[in-house]
Amino acid sequence: MRIIISHQSGVPFYEQVKEQIKASVLSGEVPQGEPLPSIRQLARDLKVSVITTTRAYNDLEIEGFIQTIPGKGCYVKKVDESLIKEQYTAEVKTALAAAVRHGKLAGLTTQELHKLLSEAEEDI
């Protein structure tokens, strides 16, 4: 698993770490039961504070992606597909609501918004 921190991004470092680990877990690159680097080791490798990696790991644990075993480390949990779908659905709803608001501000019709959504899907 390779994590790259962008200093030019407006996204906080802990969020970048969290999202990249999450993507690695969801893609299967990091399988269930796989140990993650220690919080301190990851902080050293990425040249960020321990607070940054601690926040990322805590968020991942809350979201159900990893499990911390005291004295042993952090491990990838079995991914609950329904939980993942629920989380992504919520993110999609938020993103679509923002897109619709922007579209309405731009004077787009519902049909034009649907067309843009279809075009975006074709680009993937």
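Modeller: This is a predicted model. A polar atom in the side chain of Gln-16 is 2.8 Å from the backbone oxygen of Val-11.

Colleague: Is Gln-16 buried or exposed?

Modeller: Buried means under 20% relative accessible area. Gln-16 has 9%, so it is buried. Beyond its neighbours within four places in sequence, Gln-16 is in contact with Ile-4, Ile-5, Ser-6, Ser-9 and Val-11.

Colleague: Where is the place of Gln-16?

Modeller: Gln-16 belongs to helix α1, residues 13-27. In general, an α-helix has 3.6 residues a turn, so residues three or four places apart point the same way. The buried residues of α1 include Tyr-14, Val-17, Lys-18, Ile-21 and Val-25. Among the elements covering the buried residues of α1 are α2 (39-46), α3 (50-62), β2 (73-76) and α4 (81-105).

Colleague: How far apart are the end C-alpha atoms of α1?

Modeller: They are 21 Å apart, which agrees with the span of 21 Å that 15 residues should have at 1.5 Å a residue. After α1 comes Gly-28, with a positive phi near 90 degrees.

Colleague: What volume does the largest pocket have, and which residues line it?

Modeller: Its volume is about 210 Å³. The lining includes Leu-96, Val-100, Thr-110, His-114 and Leu-117. Two or more lining residues come from each of α4 and α5 (110-123), and α5 gives the largest share, 5 residues. By type, the lining has 7 nonpolar residues, 3 polar and no charged.

Key. Residues numbered from 1 in each chain as written. Predicted model: local features only at pLDDT ≥ 70, side-chain atom pairs only at ≥ 80, totals over all residues. Heavy atoms only, no water. Helix = DSSP H or I, 4+ residues; strand = E, 2+ residues; numbered from the N terminus. Buried < 20%, exposed > 50% of the residue type's maximum accessible area, 1.4 Å probe, protein only. Polar contact = N/O pair within 3.5 Å; in protein donor to acceptor, adjacent residues only side chain to side chain. Contact = heavy atoms within 4.5 Å. Expected span 1.5 Å × (residues − 1). 1 Å grid on protein atoms, 1.4 Å probe; cavity = no way out; pocket = protein on both sides within 12 Å on 5 of 7 lines; lining within 4 Å. Points joined across faces, edges and corners; volume = space filled by probe spheres on them. Nonpolar A, V, L, I, M, F, W, Y, C, P; charged D, E, K, R; others polar.
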